[in-house]
Structures are given as structure tokens and as C-alpha cells.
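Here's a quick tour of a protein fold, built up from its sheet to its helices. Take a look at the model first.

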Amino acid sequence: LDCNGNRDNCEKHPGASSSSSLPQAAFELFSSIKASIFQTLGVTSLSRKFSSVPTFEEGNESNFLGKKDMDTCGNDPESRPVSTVQSSEDITPYCEVIKTRERNDFPVSLDNNSSDQLKQFDVIDNCSDHHFFDEGKGLSLSQVKKDWVKKVQQEWNILEKNLPETIYVRVFEERMDLMRTAIVGASGTPYHDGLFFFDIRFPPEYPSEPPMVHYNSGGLRLNPNLYESGKVCLSLLNTWSGTATEVWNPGASTILQVLLSLQALVLNEKPYFNEAGYDQQKGRAEGEKNSVSYNENAFLVTCKSILYLLRKPPKHFEALVEEHFRQRSKHILMACKAYLEGAPIGCAFGGGKTEHENQKGTSAGFKIMLAKLFPKLVEAFSDKGIDCSQFAEMQK
């Protein structure tokens with residue numbers, strides 16, 4: 001991986017994040033979110049096939065992050081629910097449906113100047129850089145049920161009222177079928193303090209068919225379920241096999257459930273075990289060793305994604321990206337310093353005892369790579385007007 005922060009195929013930029021020294025109550029709240037997903041919505045199958053995790057060894061640190069996984073997670077046709085037949089009395093031209101009607105129909109204000117506080121949910125007017133922009137335009141001759149509009153607006157209302165502070169959503173005035181979200185990675189994971197962006201589309205058959213989700217990877221691979229191509233492997237999206245409540249349920253599943261699953265189940269503290277069958281290695285020496293190596297890699301790639309985001313944030317999220325890293329830059333750099341000194345990846349600084357305390361320190365190869373990335377992060381934050389003077393000595 002080129003540590004100069006330049007990569008030709010990095011047009012879009014993901015990230016990872018989360019509060020660093022959150023109080024215990026916050027961790028309990030996040031745990032309750034996880035529990036609610038498992039208990040009320042069912043456990044989402046995250047499994048897919050991927051090559052074994054490489055380890056940091058002398059001589060291979062320069063190409064560690066450049067390794068690509070060519071496996072793909074194919075859609076399971078049997079897991080997709082069959083769309084219901086539409087009656088001629090209950091359909092509207094798709095080209096009319098995807099454009100919302102009046103501004104007063106929106107569940108939130110369109111006035112971007114109404115508050116200095118960054119909104120969790122907002123309606124904006126332009127989506128030209130959205131991954132599914134052209135695909136939606138090509139369906140102008142299609143027809144969907146009038147209930148489609150009602151269902152999408154219902155999803156908007158759910159998001160507006162129930163989004164956690166670590167998820168941001170933007171929907172579009174002229175393309176009701178599109179949505180963009182930013183997810184903050186959880187504390188205690190290798191994704192802490194970054195931002196992850198996903199483009200979402202409601203197909204004409206929604207909710208009979210699940211939403212389409214594209215991960216804005218920036219050409220980076222940081223999780224078994226999130227591909228460099230942007231493909232998201234999740235049984236809830238029917239992009240991986242699953243049973244019962246693990247797959248999309250047209251009558252009960254929601255976009256909010258998808259977003260919470262991505263945050264809590266995909267971007268988790270030990271993503272290595274997302275792989276099919278690898279959960280059986282939990283607690284075993286080899287499995288835990290591979291998990292630690294995977295976490296080191298995931299954190300390095302998260303740092304790279306931060307550099308890309310700072311250089312070219314996704315449209316309509318510029319203010320969010322700048323403010324988020326203004327608030328979290330100090331913790332990111334302090335975490336890097338701790339990791340360089342041997343602290344395990346994902347260790348919650350400033351908190352109490354964690355399960356990471358008995359883990360061995362970070363590997364030599366990881367420290368070499370992070371030492372190269374650290375000054376790049378300091379420079380990128382400083383260019384945004386963030387005071388990083390306390391880390392100047394480490395930068396040398």
C-alpha cells in the first residue's frame with residue numbers, strides 16, 4: 001500500500017469511527033442495540049468465503065495492504081422473496097414516483113441554515129454522484145405500486161426518529177429511490193473514529209425485494225463483508241444465504257435494521273470471525289492470532305480511508321467529515337501512539353479493564369506500517385486547521 005496517500009482508483013472514500021473514551025453507559029447502550037438486533041430481528045448471517053489473513057513479517061510489510069481477495073459473494077436466488085403481482089389499479093409511472101412532490105411533504109426541514117448542528121437525517125437536492133444514479137434513471141418506463149411511495153416515506157420517518165448519534169442519513173428531493181448514509185465505527189473495534197459511507201437504493205419492487213446497498217470503499221478492503229468493488233455481503237440484503245429472520249422480511253425488515261446491522265455486526269470488534277466457520281476458532285490460539293493480525297490490517301486501512309476522506313469527502317457530507325475529524329483527530333493520533341507502543345488494536349483508552357488487556361502487543365510489521373502513516377495523518381489534520389503540535393515530536 002502506497003503510504004503517500006495517493007491511489008488512482010480511490011475516487012470515493014470510506015472510513016471508520018466511534019467515540020473513544022465513552023462512559024460505560026454508552027457501551028451498554030451500544031450493547032443493547034446489538035442485543036435488540038439479535039433478539040427482535042434475528043441474527044444476520046455475515047459469512048462469506050475469503051482467503052486467510054496474512055501476517056506481518058519482515059520483508060512483506062510494504063505489500064501487506066495491497067493483497068486483494070478475488071472471491072465474490074454471489075446472490076442466493078432462493079433466498080430472495082418473490083415479488084407480488086401488481087394490479088393495474090395500484091400503479092404509478094416510476095418516473096413520477098421517484099421525484100417527491102412538495103417540500104412540505106418532507107419529514108424534516110430543507111433549510112440547511114436552520115441549525116448549526118449537523119443533522120442526523122436531512123433531505124437534500126442533488127445526488128448526481130450517487131452510485132445508483134444512472135440505474136434509477138434507466139427505469140423511467142417501469143411502474144411501481146403507489147404503496148411504494150408510502151413505504152419509502154415510512155422508512156424516512158423511522159430513520160428521522162430513531163437514528164443513533166453515530167449514523168447519518170441523507171435522502172434526495174428529486175430521487176426518492178436513493179439514499180446515502182455515513183456510519184461511525186464503534187469504540188473498541190479496529191474501525192474506531194473513522195467514517196464509512198454507503199449508497200442505498202430502493203428498487204421498484206421494494207419492500208418485496210430488499211434495498212440495494214453499495215459500500216464506497218475507495219478501493220480499500222477492510223472487512224470480510226465489504227468488498228473493494230463496493231459489494232456488501234449480508235444475508236439481510238439477500239447477498240448471502242440465510243434462514244428465517246436472517247434474511248429480508250418484506251413485512252418487518254427496515255432500512256434502520258440494515259444500518260444497525262452494518263454498524264454492530266459487520267464493523268465489529270473481531271471482524272475476522274465474520275467468515276463462515278471461523279467463529280468456531282474463537283478462543284483457540286490460531287484463531288485469535290489470526291484475528292489480531294486482521295485487526296491490525298483493518299486499522300491501517302481505516303487510517304488510509306481517513307486520509308482519502310479528508311482530501312475528498314463525499315458530496316453533502318463535507319461539513320460532517322470536517323467536524324467529525326476535528327473532534328476525533330486527537331484521539332485517533334493518541335490511539336496511533338498507543339498502538340506504536342504496543343497497545344492492542346481496539347483497546348478503549350481512558351476506560352476500565354477490557355478483554356484486550358491480556359493480549360500481546362502489536363506486531364513489528366504493523367508498527368512499521370503505522371509509523372509511515374502517522375505523519376501523513378498529522379499533516380492531513382493540520383491542513384484542516386487542527387492543532388496537532390503535541391504530536392510534532394512523533395512526526396519527526
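Two strands pair if DSSP finds at least two bridges between them. Helices (H or I, at least four residues) and strands (E, at least two) are DSSP runs, numbered from the N terminus. This is a predicted model, where local features need pLDDT of at least 70, side-chain atom pairs count only at pLDDT 80 or more, and totals for chains, interfaces and linings use all residues. Residues are numbered from 1 along each chain as its sequence is written, and side-chain values use heavy atoms, with hydrogens and water left out.

**The sheet**
- Five strands form an open sheet with mixed pairing, in the order S2-S4-S5-S6-S7.
- S2 (121-124) and S7 (212-215) sit at the edges with a single partner strand each, so one side of each has no neighbour in the sheet.

**A look at S2**
- S2 pairs with S4 (residues 167-172) in the parallel sense, over 4 bridges.
- Across from Asp122 you'll find Arg170 of S4, while Ile124 has Phe172 in S4 as its bridge partner.
- Phe121 and Val123 point one way from S2, Asp122 and Ile124 point the other way, and all are buried (under 20% relative accessible area; exposed is over 50%, partly exposed in between, with a 1.4 Å probe and protein chains only).

- Contact means heavy atoms within 4.5 Å.
- The H6–H7 contact involves Phe299, Cys303, Ile306, Leu309 and Leu310 of H6, plus Val321, Phe325, Ile332, Cys336 and Tyr339 of H7.
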